[in-house]
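This report looks at the aromatic rings of the model and at the charges placed over them. Please read it alongside the sequence and coordinates shown here.

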Amino acid sequence: ANCSGLRIRGSCRYCTGGLRKGGDKGEDRSGKEAAEKAVKRRNTMMKRTSTITEIMPADIQTVWGIVTDNEHYHWRSDLERIDVLDGGERFIEYTKDGFSTEFIITRIESCYCYEFDMQTKIFTGHWIGKYESTGVGETKLTYTETIRFSNPLLGLISYLCLPLKRIQKAYMDDLRKALKEK
């Protein structure tokens, strides 16, 4: 497959099947073999996906600026802090509930697409944000979050303690409030 995404760090996860050269155990494998192993591993994990689409009452540059500025996160009601690492290529969010999530930006196309891989102690995942100007001073946002659990029991329990749709809705509500204050 041809990689059309901007490569932020190393090889594109789509071209290598999610593994960099050397795979997950340090041995040097062909790209095809590494991709096959990554697909097999993904197929044995429990996966959840949630998508939310909303229209924000602001132009695309304003929305983009707020969402991608990880140094200024105080508009987020769920966060205690964000540590920005590696010149902004990685960041760690710490919630007020004491959980942390590491993010690695995998694609960034100004005012169009913002993507990253994410990882916690219990899941890995990928987040895609698409931005589209409505032409009337508003911005259409479509956010898709996919998380995978290697332990199927944790995946089942996550429906109770990790309500993705409610988390996405709270994020959109916080963003809407931040835009009103701008």
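## Charges over rings

A charge is taken to sit over a ring if NZ of Lys or CZ of Arg is within 6 Å of the ring centre and within 35 degrees of the ring normal. Arg81 lies over the face of Tyr94, at 3.8 Å from the ring centre, and Arg76 lies over the face of Trp75, at 6.0 Å from the ring centre.

## Basis of the values

The model is predicted, with local features needing pLDDT of at least 70 and side-chain atom pairs counting only at pLDDT 80 or more, while totals for chains, interfaces and linings use all residues. Residues are numbered from 1 along each chain as its sequence is written, and side-chain values use heavy atoms, with hydrogens and water left out.

## Ring pairs

Rings of Phe, Tyr and Trp (its six-membered ring) pair if their centres lie within 6.5 Å, and planes under 30 degrees apart count as stacked, over 60 as edge-to-face and the rest as tilted. The count comes to 13 aromatic pairs. In one of them, the centres of Phe91 and Phe116 are 5.7 Å apart with the planes at 80 degrees, so this pair is edge-to-face. Phe91 belongs to strand β3 (residues 90–95) and Phe116 to strand β5 (residues 113–119), so the pair ties together parts that are 25 residues apart in sequence; strands (E, at least two residues) are DSSP runs, numbered from the N terminus.

Phe116 and Trp127 have ring centres 4.7 Å apart and planes at 5 degrees, so they are stacked. Trp127 lies in strand β6 (residues 124–133), eleven residues from Phe116.

## Burial and cluster

Buried means under 20% relative accessible area (1.4 Å probe, protein chains only). Phe91 is buried at 2%, Phe116 is buried at 6%, and Trp127 is buried too. Ring pairs link these residues into a cluster whose members include Trp64, Trp75, Phe91, Phe103, Phe116 and Trp127.

Definitions and conventions. Helix = DSSP H or I, 4+ residues; strand = E, 2+ residues; numbered from the N terminus. Buried < 20%, exposed > 50% of the residue type's maximum accessible area, 1.4 Å probe, protein only.
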